[in-house]
Amino acid sequence: MKVVIGQKIQHQLVFIGSFGVGKTTAVQSLSDTEVVSMEATANLELKQAEGIDPKKTTTTIGFDYGECFLDETDKISLYGIPGQVRFENVWDTLLPRCSGVVLWVFGNRPNYLQECERWLKVLKRKNAIKKLAVALTRIEHDDEESLNACRQLVAEYHPFAPVLTADPRDRNSVLQATIMALSTPYPEN
Amino acid sequence: MNTIYSIWTNKYDSSRVKAFKSALTFRTNEVWQWTDEPDGCDLWVVDATQTLSPEIERLYQEMSHKPNVAVIGLRSKTANIPSKWQLFATPVSVPVIFRWLDSNFYQSTRRLKSKNIRPSDIEPWKQHEFKLISWPNISRYGSKVSIAVTCSNLLNAYHDFETALKWGVSAEILNEILKDAYQTSLLKIRSNDDSKHDQIDHSHNNKSDKNVSLIQKLMSRFR
């Protein structure tokens, strides 16, 4: 078993997004260790939210934590952080110092742009907008209309941030979103 | 050689339309000209801040070659516009316009104009080093990690075609990515002479991007 407590944290990658979008699953897809989850039973309102897997009965109340080992000395700490505003203190702790952020958004919801914008405002406020990729879930790769509408919105906050379709269950897909977040250029003043 | 594009609008005296047109003057290598004729035009700029006349949509439906349509207005008043029209909520910002042009407009327009492309303009990335200015729409090419890796490398520095092929993407997909990027003005190409003297881009990027080594390790880890 790998020792978690006491190890130097060199890089942090944060997965953020609304309840049920797949943050915990995305952490699990990349993590080399068993993911430490802080989940509680979701209330009825959350369970009935649109687009949520009816089998999903829990929600993250602290954060999910996993680790991806790059070599013998270096690793990425993976965080899936909760979507509810009442956990803003968790955002404050993790977002400002992270190496990259993947924002997961339900692409199949009619209000997905509003949902996305809510998160973009949070990321901008928390000074975590620079290394960003926006991953739309549950839509087809060729849904250009949804992708372009989202790109237009995201460009208002970050001119170069990529918007892509992704599946949190698919390691390649999560890895692709991660690499894109980490390598996104940001215009310096 | 500048590319000429034509614009038609339903309100030539609208300050919002004029502002939109003014933004286009910042596009280098492009000339945007007003036209009175909506048919055969590259771009319609429709001011819908007050009302959107159904006549506009009717006119659009009659067009044999559908133009790109940019609608300036409020989301609340333009909920029923055709799905292919692009809404620009007021106030419209220049980066938003540019983003739309780069991601959407040129692909459809240049396809129509492709007959006018000279042979020497085709695939210049095969002869010169190139670099991506921004992320292309990589969802179009599938969720292969090698695509993200290739684009990531090309965002960080100039490379040639042969080098880019070593990152695992097939020549066919790489060519497609570069072609799309070139047509949407996302590809920066420099001559071989420039590459000998121009070190500015490399030094700037090495300094500004602290994640480069992390990405390289991540790539190695999942190779």
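Modeller: Start with chain B. One aromatic cluster is made of B:Trp8, B:Trp44, B:Tyr60 and B:Trp85. Keep in mind that this is a predicted model: local features need pLDDT of at least 70, side-chain atom pairs count only at pLDDT 80 or more, and totals for chains, interfaces and linings use all residues. Residues are numbered from 1 along each chain as its sequence is written, chains are lettered from A and ligands numbered from 1 in the order in which they are written, and side-chain values use heavy atoms, with hydrogens and water left out.

Now the pairing rule. Rings of Phe, Tyr and Trp (its six-membered ring) pair if their centres lie within 6.5 Å; planes under 30 degrees apart are stacked, over 60 edge-to-face, and the rest tilted. That rule gives twelve aromatic pairs over all chains. Take A:Phe63 and A:Tyr79: their ring centres are 5.4 Å apart and their planes stand at 70°, so this pair is edge-to-face. The pair links distant parts of the chain, 16 residues apart. A:Phe63 sits in the loop between β3 (58–60) and β4 (64–69) of chain A, and A:Tyr79 in strand β5 (residues 75–80) of chain A. Strands (E, at least two residues) and helices (H or I, at least four) are DSSP runs, numbered from the N terminus.

How covered are the two partners? Buried means under 20% relative accessible area, exposed over 50%, and partly exposed in between (1.4 Å probe, protein chains only). A:Phe63 is partly exposed, at 25%. A:Tyr79 is buried, at 6%.

Next, the neighbours of β5(A). Two strands pair if DSSP finds at least two bridges between them. Strand β1 (residues 11–17) of chain A runs parallel to β5(A), over five bridges. There, A:Leu13 has A:Leu78 as its bridge partner. β4(A) pairs with β5(A) in the antiparallel sense, over six bridges. A:Cys68 stands opposite A:Ile76. Five residues lie between β4(A) and β5(A), and the two strands form a hairpin.

Two rings also carry a charge over the face. The rule asks for NZ of Lys or CZ of Arg within 6 Å of the ring centre and within 35 degrees of the ring normal. A:Arg109 lies over A:Phe106, at 3.8 Å from the ring centre. B:Arg27 lies over B:Phe98, at 4.6 Å from the ring centre.
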